[in-house]
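Subject: Structure handover, with notes on what was found

Dear colleague,

Please find the structure below, handed over for your own work. My notes on it follow, arranged by topic.

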Amino acid sequence: MQTRRIRWHIAVFLAPAVLVYTAVMIFPLFNTLRLALFTEVDQNRIYVGLQNFRTLFFDPIWSEQFWNALGNNFWFFLVHMLVQNPIGVALAAILSHPRLRFAALYRSAIFIPTILSFVIVGFAWKLILSPLWGIAPSMLDAVGLKSLFAPWLGKEEYALTTLALVSVWQFVGIPMMLIYAALLSIPEEILEAGEIDGITGASAFWKIKLPLILPSIGIISILTFVGNFNAFDLIYVSQGALAGPDFSTDILGTFMYRTFFGFQLQLGDPHMGSAIAGAMFAIILVGVCIYLFGIQTRMRRYQM
Amino acid sequence: MKRNVLSLALMSTALVASGAYAQDATLTIESWRNDDLALWQDKIIPAFEAANPGIKVVFSPSAPAEYNAVLNSKLEAGSAGDLITCRPFDASLALFEAGHLTDLTDLDAMSNFSDVAKSAWQTDDSSASFCVPMASVIHGFIYNKDAFNELGIEVPATEAEFFAALDKIKEDGTYIPMAMGTNDQWEAATMGYNNIGPNYWKGEEGRQALIKGEQKLTDPQWVAPYATLAKWADYLGDGYEAQTYPDSQNLFTLGRAAIYPAGSWEIAGFNTQADFEMGAFKPPVQNAGDTCYISDHTDIGIGLNAASENQEAARTFLAWVASPEFASIFGNAVPGFFPLSNTPVELEDPLAKEIVGWRDECESTIRSTYQILSRGTPNLENETWGASVAAIKGTEAPEDLGQELQNGLASWYAPHQ
């Protein structure tokens, strides 16, 4: 009769990660959600249930800002999906071409912006695009296209797209690297078998490689989605907390920051701020669930 | 062992504390002006200590962005300094209402200040004052004297002359007529709307009437400044939509722009950057001879921590802060931050002197949105930023802007409902 020994070492080895993760992630997350259910009246915190969310979604002053930020967020995401990821895939396809010279150099050069700080990227691009000191107007002038230049970051209709493209420039290295790795893992035999059947060049990419890297593209899409809906830094650095001009670059992150911490004469309201953070969390959760259960489970996988 | 260490620590603090008592009072000042640390240590504190032996003063600033939060937690914990540098309006009012600041209404030296100067640190009904006003900033226009001489332009006094001067500069083409951008938004409201506005709403008269609900933001005197701002766009130079605040400062100090819509806080920086002679003119009036109104915005004050153990010494210090001696040291050390006391101060900086001279010719007021009106959501000050930018860009008609701001204000402010 031997009693089963309690395997203490499992708990011991898990403890540090569990403790740290609970302290810095799980507890703040649930505390934020809890905070969203309260409000402050005469310096006393009182429980109001879902009142903050009702204000956020139905009070015209709040809901207008919320839907504006959400709409901008979707546009920001759309630009990334339509520009960043196709370019990333294309770059990876070119880089994985066996006869390309200096592939390592290009790979590093394209990936470097990803490791730069948002502050540097924001300020550098603000200077490049500055109508006063920037090199963009003079470069356009040099090729005779000065008339195409506009103070993009200051115009309501262009500012958000411009910032989205700056963000694409910064992060295009990530899909490129992931797809590049996926492409390299495709066995030569499959491609050779295709070649024997007469599938070469571009059609080899569309018919053989693309279906095989589709799961990676799915992962990249979901990473882009989460990253974009949590975005804040780039907008804050280049346009400030008011996300000008006229809130045209306001996304959920800047809206939450402004509400939570206050701005200029506006005092911070941690409870409404938490409600916005809660809404952001819900949106991301729903998006990820749709992907996990709606798309990933149906995706065809090939044994390689 | 642990207990020994603890009691040792307690004993040593007790010793230090009793040491402090045995000596005379030491006052600690909480402040966000860490830029002014050297000024306080080298000039202000020695002057005070020489006149008041037995009181020592320590200036202990924290970072501006963290000041409110740090101060609040120190006050809650009872570890805040004796003297508290006061932000204007609601931030300090909240401290007073929470019982952290002492009522200073009975301080004799308070009579050295005008009602406008005191308004930033009073209860809404003006019955209690809780901070001694230290300094204000004045709005107007700084101009490049060389450029004006070169083009033969007189300093404009009326609005017609102002726009005629801008036209002339634009026609000549050497200089950008006016250096201001709308990218950062606040300049449009602070150096635009609240700079020229007081001439329209007649300073305090209009501001008080707006607070009482007797005037509305849709009234002509509140809408007209937007119509004037709309005319500015032609003179702001290419790409002003993406021009930031530092861009504008550089444009002017590099001598590329002729006029800079300003706040007096720029003086110290401009003096070191610009190598041409600068002058200043006040916001132009509609017709020659009209009374002029200037925005003389109260920005910094100093109050007494209610929990301080050195109430007497602190009051001595505050009375000294209210004196002409302090005003003259402070005003000359930081040109552009003007002392608020009624006794005129002789300033050495020519530009600062010129600007502060407007106080004798014009009626002073403060920025219209700062007192009471920016307490709710939507916040009137922040809304005014957006409205001023929209006016300049011409994306919305002045009347519509007035209506939007009025609707926002009326949504939470009882006197307007």
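This is a predicted model: local features need pLDDT of at least 70, side-chain atom pairs count only at pLDDT 80 or more; totals for chains, interfaces and linings use all residues.

In domain 1 of chain B, 11 residues are in contact with 11 residues of domain 2 of chain B. On the side of domain 1 that touches domain 2, the residues divide into 7 nonpolar, 2 polar and 2 charged. As for the bounds, domain 1 of chain B covers 2-135 + 299-347, while domain 2 of chain B covers 138-296 + 367-416. Taken over C-alpha atoms, the centres of these two domains of chain B are separated by 33 Å.

The nonpolar cores come next. The largest nonpolar core holds 150 residues, and among these I276(A), M178(B), A257(B), F317(B) and L318(B) touch the most other members. Strand β4 of chain B, residues 131-144, provides the largest share of this core, with 9 residues. Because domain 1 and domain 2 of chain B both give residues to this core, it lies between them. A second, separate core has 11 residues, including V172(A), I179(A), Y180(A) and A182(A). To return to A257(B), its contacts, leaving aside residues up to four places away in sequence, are Y175(B), I176(B), M178(B), A179(B), L251(B) and F252(B).

Turning to the contact between the chains, 23 residues of chain B and 19 residues of chain A take part in it. On the side of chain B that touches chain A, α12 (245-253) and α18 (380-393) of chain B each supply at least two residues, and α18(B) gives the most, with 6 residues. The residues on that side of chain B divide into 7 nonpolar, 11 polar and 5 charged.

The peptide bond from T377(B) to P378(B) is cis, with omega near 0 degrees. I372(B), for its part, has a phi near 60 degrees, which is a positive value in a residue other than glycine. I372(B) counts as partly exposed because it has 16 C-beta neighbours inside 10 Å, a number that falls between the 12 or fewer of an exposed residue and the 20 or more of a buried one.

The buried residues in α7(A) are A159(A), L160(A), T162(A), L163(A), A164(A), V166(A), S167(A), Q170(A) and F171(A). What covers these buried residues includes α3 (60-95), α4 (103-115), α5 (118-128), α8 (173-184) and α11 (233-239) of chain A.

Two loop residues of chain A may also be of interest to you. F102(A), in the loop between α3 and α4 of chain A, has a phi near 60 degrees, again a positive value in a residue other than glycine. F102(A) is exposed, since 8 other C-beta atoms lie within 10 Å of its own and the cut-off for an exposed residue is 12 or fewer. G240(A), by contrast, is found in the loop between α11 and α12 (252-261) of chain A, and with 18 other C-beta atoms within 10 Å it is partly exposed. From G240(A) to T254(A) there are 14 residues in sequence, and the two are 8.5 Å apart in space, C-alpha to C-alpha.

Strand β1 (residues 38-41) and strand β2 (residues 44-47) of chain A run antiparallel and are joined by 4 bridges, with E40(A) standing opposite R45(A) in β2(A). The hairpin has 2 residues between the strands, and in it D42(A) takes a positive phi near 50 degrees.

With best regards

Notes
Residues are numbered from 1 along each chain as its sequence is written. Chains are lettered from A and ligands numbered from 1 in the order in which they are written. Domain bounds come from an automatic or database domain assignment. Two residues are in contact if their C-beta atoms, placed from the backbone, lie within 7 Å. Ala, Val, Leu, Ile, Met, Phe, Trp, Tyr, Cys and Pro count as nonpolar, Asp, Glu, Lys and Arg as charged, and the others, Gly among them, as polar. A nonpolar core is a set of buried Ala, Val, Leu, Ile, Met, Phe, Trp, Tyr and Cys residues joined through C-beta atoms within 7 Å. Two strands pair if DSSP finds at least two bridges between them.
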